[in-house]
Amino acid sequence: MAETKPRRISYRAVLPFRYSAGRAASRFFAELRDNKRILATRCPKCTKAYVPPRPVCGECFEPLKEWIEVGPEGTLVGYTVVHFPFLDPLTGRERPVPYGYGFIVLDGAATKIQHFIEETDITKLRAGMRVKPVFREKRQGNFGDIESFRVVG
Amino acid sequence: MERKVAIVGVGQTHHKARREDVNMMEMVHEAVLRCLEDAEITIDQVDAVLIGNMEHFEGVNLSDMWAVDFSGALGRFGMKITTGGSTGTTLSIASYYHVASGLFDTVLCIGWQKQSEGDTTAGLVSATDPIWERASFAGAFGTFAAAATQFMKEYGVSEEHAAKIAVKNRQNGRRNPYAHLQLDISVEDVLKSRVLAYPIRMLDMCPASEGACAMLFASEEKAKKITGRPAWVAAAETRHDSPFIGDVPMFMDLRTLRAASSAAYKKAGITNPLKELDVIELYEPVSWAEIAFLDALWLTEKGKIRDLIDKGVTNMDGELPVNPSGGVLCTNPIGATAMLRVAEAAIQIRGKGGARQIPNVRTALATGYGGNWWSDVMILKDRL
Amino acid sequence: MEKQFQDIIVESKLDIPYSYYAGPIASRFYDALEKERKILGIRCGSCNRVYMPPRATCGSCFKEMTEWVELKDEGEVVNFTIVHYEEPIHPVKAPFAYALIRLDGADTAFIHLLGEVDLGRIRIGMRVKAVFSDKNPGNILDIDHFRPV
């Protein structure tokens with residue numbers, strides 16, 4: 001067999017999706033969009049308030065029906081500034097760097113949410129800092145209605 | 001009542017950034033042939049074939065179907081198992097279940113990934129929740145970076161500590177002919193390398209590799225006919241955690257690993273793991289994770305693992321070597337990565353480690369990790 | 001009473017480029033297609049089956065195959081369908097015909113498009129011949145379609 005140069009077969013997949021957000025998310029997003037309020041569902045057994053809200057508590061396997069408001073401020077628990085650009089499949093392009101990213105415990109919530117942090121200077125960030133959400137002017141009813149979190153105080 | 005099961009053959013490819021010379025299925029076939037050769041059997045002696053990868057990295061769904069000629073699955077029992085990063089250990093544990101149940105005598109499992117053929121982080125994004133987390137997800141390193149800053153604060157671990165792990169594993173990798181990365185690096189090299197997302201630097205992070213691993217599990221009767229040195233399965237445990245990345249209180253305090261290892265030790269009759277384990281192959285996606293995840297293995301008082309590490313206990317020549325193969329930090333073809341932990345543990349028990357062989361290995365522990373914060377544990381022994 | 005909230009749909013997409021190493025067998029096949037306008041099959045030394053598309057291993061015998069066979073660029077339609085609806089992923093505009101074609105010399109059939117044909121007159125067993133593309137996409141569409149002979 002003659003020497004053959006290795007070939008590559010290329011294919012760009014652009015797959016559209018339409019996800020039903022579900023009852024918990026639909027209510028959460030409506031509140032975010034219309035009133036700039038952040039909600040959680042609370043477990044009657046273990047009293048944990050979950051963000052993202054969900055219809056069942058995983059640990060207790062109890063249905064969650066109680067909605068409470070949490071935040072809007074919270075505490076930055078873990079954080080970073082991302083310098084490595086990568087392809088964002090939601091846009092098909094590289095996400096611009098640097099950007100801040102972290103985990104926030106909203107006041108009253110038991111879980112953390114992950115989101116962008118406005119600050120991109122790592123020396124200005126510390127675990128334990130207080131943060132608040134920056135809402136978009138035009139909100140659409142999805143998690144992106146919060147643009148990022150900003151350090152306060 | 002379950003039967004005794006042993007690993008009687010291991011095969012793996014020489015892992016690389018790009019295997020230009022083979023396509024996905026040819027690469028799978030390489031590992032399969034090497035495993036059959038190691039076990040000294042033919043494909044006809046295999047009852048079932050379990051295979052898995054993380055499909056979005058290559059964008060080829062029904063990957064088991066496309067592999068059927070090459071995996072030996074044609075006309076055989078089998079299934080595809082895919083559980084993200086833990087795919088390889090889930091495959092191993094499932095193989096164990098298949099044989100332990102008494103329904104199959106010999107099971108071949110294959111884990112593989114051809115990472116360069118798709119976009120790794122874009123592929124990983126597809127594993128995030130599209131309604132809540134996908135838009136802001138910052139990749140595996142973004143998550144681990146934010147987890148590491150929390151870890152630094154709570155546990156007093158520094159960038160130097162992480163860098164030492166990166167150095168240890170890469171130097172270990174130089175003794176493993178199959179390892180993708182074989183780097184002669186120092187702590188200084190790590191601390192000078194490019195920051196991906198603070199505090200994770202390029203040299204703290206695992207690579208994206210192309211490779212495959214295959215193992216043969218056999219019943220006691222078959223195992224004794226096939227080889228004089230079986231690696232017996234003493235325990236296999238799995239624990240999963242909550243759906244969203246931020247649900248667990250403290251990331252690096254891997255509660256699923258605490259629970260899984262505790263149950264595994266009980267099953268294997270181990271009461272003092274630091275003394276009774278001879279080697280650990282730990283799934284460490286990033287240097288920081290090795291420190292945190294080791295802490296979850298009950299080797300010492302909670303939060304005090306650094307003392308053992310600083311004393312050199314986990315070095316190649318230490319009392320309890322961790323990742324003599326070089327670990328995930330050297331080789332990471334995701335569908336195979338967790339399986340390589342079990343495979344390398346089996347290699348150690350069977351005395352086939354060559355330059356990376358730890359002397360007198362009788363009991364080995366392997367862990368698998370997947371998102372979010374899942375853990376698998378397998379304990380292997382040279383006798384049950 | 002629970003207030004009714006409108007069901008929200010989250011629009012999303014995955015836009016990811018893939019680039020697969022074809023491996024030595026497929027690379028050789030596509031080289032022959034592009035440079036020599038030849039269609040190659042591969043024969044198993046054990047069971048003598050000739051596979052098209054060629055592959056490295058015979059699944060039934062679990063053996064490597066190394067014997068290349070030059071196939072005729074003609075064969076017969078084993079089965080076919082006419083696609084009547086539109087989908088972005090389709091290679092040509094509907095209505096169009098897909099067929100399972102077995103080239104002379106091969107034991108397996110493969111899928112390709114039928115062109116230059118009256119869709120109402122396609123028959124199982126019909127003889128067809130490859131028409132090569134003047135573009136070279138570097139995949140199976142280096143053959144543009146098969147036409148009746």
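Reader: Let's start with strand S7 of chain B. Which residues of S7(B) are buried on one side and which on the other?
Author: On one side of S7(B) sit B:Glu210, B:Ala212, B:Ala214, B:Leu216 and B:Ala218, and on the other B:Gly211, B:Cys213, B:Met215, B:Phe217 and B:Ser219; they are all buried, and both faces are covered. Here a residue is buried if 20 or more other C-beta atoms lie within 10 Å of its own, exposed if 12 or fewer, and partly exposed in between, with C-beta atoms placed from the backbone. Strands (E, at least two residues) and helices (H or I, at least four) are DSSP runs numbered from the N terminus. This is a predicted model, where local features need pLDDT of at least 70 and side-chain atom pairs count only at pLDDT 80 or more, while totals for chains, interfaces and linings use all residues. Residues are numbered from 1 along each chain as its sequence is written, and chains are lettered from A and ligands numbered from 1 in the order in which they are written.

Reader: Okay! How many residues of S7(B) are buried, then?
Author: 10 of the 10 residues in 210–219 are buried, so S7(B) is largely enclosed by the rest of the structure.

Reader: And what does S7(B) pair with?
Author: Strand S1 (residues 5–12) of chain B pairs with S7(B) in the antiparallel sense over seven bridges. Strand S4 (residues 106–114) of chain B is also antiparallel to S7(B), over nine bridges. Two strands count as paired if DSSP finds at least two bridges between them. To find these on screen, look for B:Val5, whose bridge partner in S7(B) is B:Ser219, and B:Gly111, whose partner there is B:Cys213.

Reader: Which residues have the most contacts inside the largest nonpolar core?
Author: B:Val28, B:Met215, B:Ala346 and B:Leu380 do, in a core of 208 residues. A nonpolar core is a set of buried Ala, Val, Leu, Ile, Met, Phe, Trp, Tyr and Cys residues joined through C-beta atoms within 7 Å. Helix H14 (residues 334–349) of chain B gives this core its largest share, 10 residues. Domain 1 (5–120 + 209–226) and domain 2 (133–200 + 234–381) of chain B both contribute, so the core lies between them. Those bounds come from an automatic or database domain assignment.

Reader: How far apart are the centres of those two domains?
Author: The C-alpha centres of domain 1 and domain 2 of chain B lie 23 Å apart. Where they meet, 34 residues of domain 1 of chain B are in contact with 29 residues of domain 2 of chain B. On the domain 1 side, the largest share, eight residues, comes from helix H4 (87–100) of chain B.

Reader: Switching topic: is helix H12 of chain B covered or exposed?
Author: Mostly covered: nine of the nine residues in H12(B), 287–295, are buried. The buried residues include B:Trp288 and B:Phe293. They pack against helices H6 (139–155), H7 (159–173), H10 (255–268) and H13 (305–310) and strand S10 (363–370) of chain B.

Reader: What about chain A? How many helices and strands are there?
Author: Chain A has one helix and 13 strands. Its radius of gyration, taken over C-alpha atoms, is 20 Å, well over the 15 Å that the globule rule gives for 153 residues, so chain A is more spread out than a compact globule. That rule is 2.2 Å times the number of residues to the power 0.38. The C-alpha atoms fill a box of roughly 70 × 40 × 35 Å along the principal axes, and 42% of the 153 residues count as buried.

Reader: Which strands of chain A form the open sheet of three?
Author: They are S3-S2-S6, in that order, with antiparallel pairing. S3 (49–50) and S6 (66–70) of chain A are the edge strands, each pairing on one side only. Five bridges join S2 (residues 38–42) of chain A to S6(A), and A:Ile38 has A:Val70 as its bridge partner there.

Reader: Last one: how many residues of chain C are in contact with chain B?
Author: 19 residues of chain C are in contact with 24 residues of chain B. S1(C) gives the largest share of chain C's side, nine residues.

Conventions: Two residues are in contact if their C-beta atoms, placed from the backbone, lie within 7 Å.
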